[in-house]
Amino acid sequence: MQPKLTAKALCADKEVGKISKVIVDPLSHEISHVIVREMNGQGVERQVPIGQVQEVVSEEEIVLRCSREEFGRFPVLERDQYVTVKEVEIAHLEDHLHVEPGEILVPLPRLEQGVPRRTFFTNMTHAIGTLIALPLAFPVLKYLMKPMFKPYDNAWFSVGNVKKVSKENIGFQFKFTRGFKEAFMPEQQIEKNIWVVKATPAVQKAVYEGNDRKFFDDKGEVIWVNKANSPYIGYSGKCPHLGCGYKWRKTKNFPEGVFLCPCHLSIYDEAGKVIDGPAPRPLDVLPMQVDAGGEVKIIDVEYKAGVNKQIRLL
Amino acid sequence: MWSIKPGLINKFGFCKSLGWNGERRMKEDSQSVNQQNAFEKVVEFVDERVGLKTIQAKMLNEPIPGGSRWAYAFGSVLLFIFIVQVVTGILLMFYYVPSTDHAYASTQYIIHEVDYGWFLLSYHFWGSSAMVVMVFAHMSQVFLWGAYKKPRELVWLVGLALFGIVMGFGFTGYLLPWDQRAYWATVVGVEIMDKTPLIGDFLARFLKGGPTPGQMTLSRFFVIHVMVLPAALAGLAGLHIFLFRKAGPAGPFRGTPEEIKAKTDYFFPRQIWKDIVAMATVFLIICSLAFIEPVVLLEQATPDPGDYHPEPEWYFLFLFQLLRLKIFGGEFGQFLGAMAIPGAFMAFLAALPFLDTNSERNIFKRPLALIGWTVVMVFILVFTVSAIINREFLD
């Protein structure tokens, strides 16, 4: 039985006042006090702990345990020490407070009473939404994918003269600039570099393992063959580990010099073989030709870094 | 025991005359309307239609179990840093041009020519670092306080998504000046994403807008940095705060209900005071860093690194150092170090509130959690420091 908020509060069968408010504990979400407005005098509101409620007799009446004198000693409500539940955000308070019968109802309009139509409208809304989105999905995807895949560029670039390579089995850097045309942008000159090694037969063997190296275009046709006995070997400037630029450096452990990538410290010997560090494959050999005057030409091939196999990107 | 639904209190009518709204109305009634000045009338007009004062009261009157604490300031500070990043970011866009032939020059122009441009750019730069530091602090606090546990699982999950977005901001942001640091961090970062199973190649090409980094990469990173991520962050941060308010603050992890109740106060004023002091402190630190270490660009980006030793931003250094280890070498090792381990760690964090269903929140009674957190922090510290030591060895 739920007493109404105007319920009488009785002490020893005498009415002492009416309930005017309740106080809720914000942590436990339980009612901690009822506020009883005194009938006599100025009608002060007293704060009665919930434990003092002995019995809820009816909706109209609750009985308190205390005597009338004891009731008079309950503290007077100090209103400014409380806020209403409208003014404060207490999570889940409304889930915990309830009265029976507990819901406040408003009538559903007659037109809304046909449940099948509601379901129909829900489904139609979803269907039309999907119909709007579906034809957009493919064009949007294609729109965003436009620049992602490009044919390989198999043009030859001059990068310098082999006269520069004075010693065998040592890496020499060749810098070159190449044109780079992208979408709507004017053609830009970008700087790149490759490494060239004048290889002794032993190093040639380590690189080519006695076989000519073929290079393919996107249709799988051979565009160039590096001879297995060609003395000059060119390596792509891109580290096969994660794509940084590596250098030829002498270190404490390798006084002769090695290719060292400063990013993740992959170390390669003059044949491009990994001698230390995390790289998954040897340095990438480029398609290269050296003409009679010593001019070096390469195709600017780039492979995906970080994988065991060479997968051509450019 | 009986209890009452708040709606009903109204129905019975007594609350109307006693509630905060009611008190105000009563005052109005007794006061003649022309005693209000014009401003008060406007406020009254808006409030009557929008209920702003109720919203404000609800926002400020959030009970904090166990009372306000400095440890609860991190979330507010993050929101503050984000807002200033938005403001400085918008200001930078007044001059910045996201094209490969102008990005570097326009950034240099901001630094060297535009009045206070160096300061706004440096603030934006250090603000991003501050954001990462605060995210770590915020996550650590929530973890140590056990505040990710039921019923706050969704707050934690959305928080993890926000963590990812903050990292995405860092990653897309430092390509924009188009200097060597920018270029190489992006080259390596995208190569790492390429190792995502199944969609890696597509993802890398999608981000680069082609097989190699160039104008399309810059355009894409720019759009992601200034449109996609801010929208995502603002939306998710809103959801994060909504869910947090819905679940309520967790409060301290020890103390009896009586002790906690005795110390409870509202978000305003004590917690807001602590928050604003923390915000001011962070603001001053970011400003000082911007003054002491203003942003200096390296050479313009090119696929030839010259003498530059590529290195990511400091908060990615531990991952960078991890990938130097030989056990994370080779195709599989690299997948393990760059994808599987960070991915598994994030998945573990996401699953954490569902795995750890013990309701004990006291960190000193959760030895595994304490050890785990310490190990992760020590790991990050050791790897970051060794990356810095390696840097000296390379030079």
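Strand 9 (residues 188–198) of chain A pairs with strand 12 (residues 232–236) of chain A over five bridges, in the antiparallel sense. If you want a spot to look at in this predicted model, go to A:Trp195, which stands opposite A:Tyr235 in strand 12 of chain A. Strand 9 of chain A has another partner too: ten bridges join strand 9 to strand 8 (residues 171–180) of chain A, again running antiparallel. In that pairing, A:Phe172 sits across from A:Val196 in strand 9 of chain A.

A:Asn169 isn't a glycine, yet its phi is positive, at about 55 degrees. You'll find A:Asn169 in the loop between strand 7 (156–161) and strand 8 of chain A.

Now for two other sheets of chain A. One is an open sheet of six strands in the order 4-3-2-1-6-5, and its pairing is mixed. Strand 4 (45–49) and strand 5 (53–58) of chain A are the edges, each pairing on one side only. On average, neighbouring strands of this sheet are turned by 35 degrees against each other, direction ignored. The other is an open sheet of four strands, ordered 13-14-15-16, with antiparallel pairing. Here the edges are strand 13 (247–249) and strand 16 (274–276) of chain A, each with pairing on one side only.

Here are the strand pairs of chain A side by side, with a facing residue pair for each:

| Strand pair (chain A) | Bridges, sense | Facing residues |
|---|---|---|
| Strand 8 and strand 9 | Ten, antiparallel | A:Phe172 and A:Val196 |
| Strand 9 and strand 12 | Five, antiparallel | A:Trp195 and A:Tyr235 |
| Strand 3 (residues 31–38) and strand 4 | Five, antiparallel | A:Val34 and A:Val48 |
| Strand 15 (residues 267–268) and strand 16 | Two, antiparallel | A:Ile267 and A:Asp276 |

On to chain B, where helices take over the story. The assignment divides chain B into domain 1 (6–57) and domain 2 (69–307). Taken over C-alpha atoms, the centres of domain 1 and domain 2 of chain B are 41 Å apart.

One helix pair deserves a look. Helix 8 (residues 153–173) and helix 11 of chain B have axes that come within 9 Å and cross at roughly 160 degrees. Angles over 145 degrees count as roughly antiparallel, so that is how helix 8 of chain B runs relative to helix 11 of chain B. The crossing of helix 8 and helix 11 of chain B is left-handed. Their contact has 18 nonpolar and six polar residues, with no charged ones.

One joins B:Lys150 and B:Pro151, with omega about 5 degrees, and B:Pro151 lies in the loop between helix 7 (117–144) and helix 8 of chain B. The other runs from B:Phe268 to B:Pro269, with omega near 5 degrees; B:Pro269 is in helix 13 (residues 267–292) of chain B.

Finally, the two chains meet. The contact takes 65 residues from chain A and 64 residues from chain B. Several helices of chain B each supply at least two residues of the side touching chain A, including helix 1 (6–12), helix 11 (215–247) and helix 15 (330–355). Helix 1 of chain B gives the largest share of that side, six residues. By class, the side of chain B that touches chain A splits into 29 nonpolar, 19 polar and 16 charged residues.

Notes:
Residues are numbered from 1 along each chain as its sequence is written. Chains are lettered from A and ligands numbered from 1 in the order in which they are written. This is a predicted model: local features need pLDDT of at least 70, side-chain atom pairs count only at pLDDT 80 or more; totals for chains, interfaces and linings use all residues. Two strands pair if DSSP finds at least two bridges between them. Two residues are in contact if their C-beta atoms, placed from the backbone, lie within 7 Å. Ala, Val, Leu, Ile, Met, Phe, Trp, Tyr, Cys and Pro count as nonpolar, Asp, Glu, Lys and Arg as charged, and the others, Gly among them, as polar. Axes are lines fitted to C-alpha atoms, for helices over the stretch in contact, and angles run from 0 to 180 degrees between N-to-C directions. Angles under 35 degrees count as roughly parallel, over 145 as roughly antiparallel, 65 to 115 as roughly perpendicular and the rest as oblique. A crossing is left-handed if the near helix is turned anticlockwise from the far one by less than a right angle, and right-handed if clockwise. Domain bounds come from an automatic or database domain assignment.
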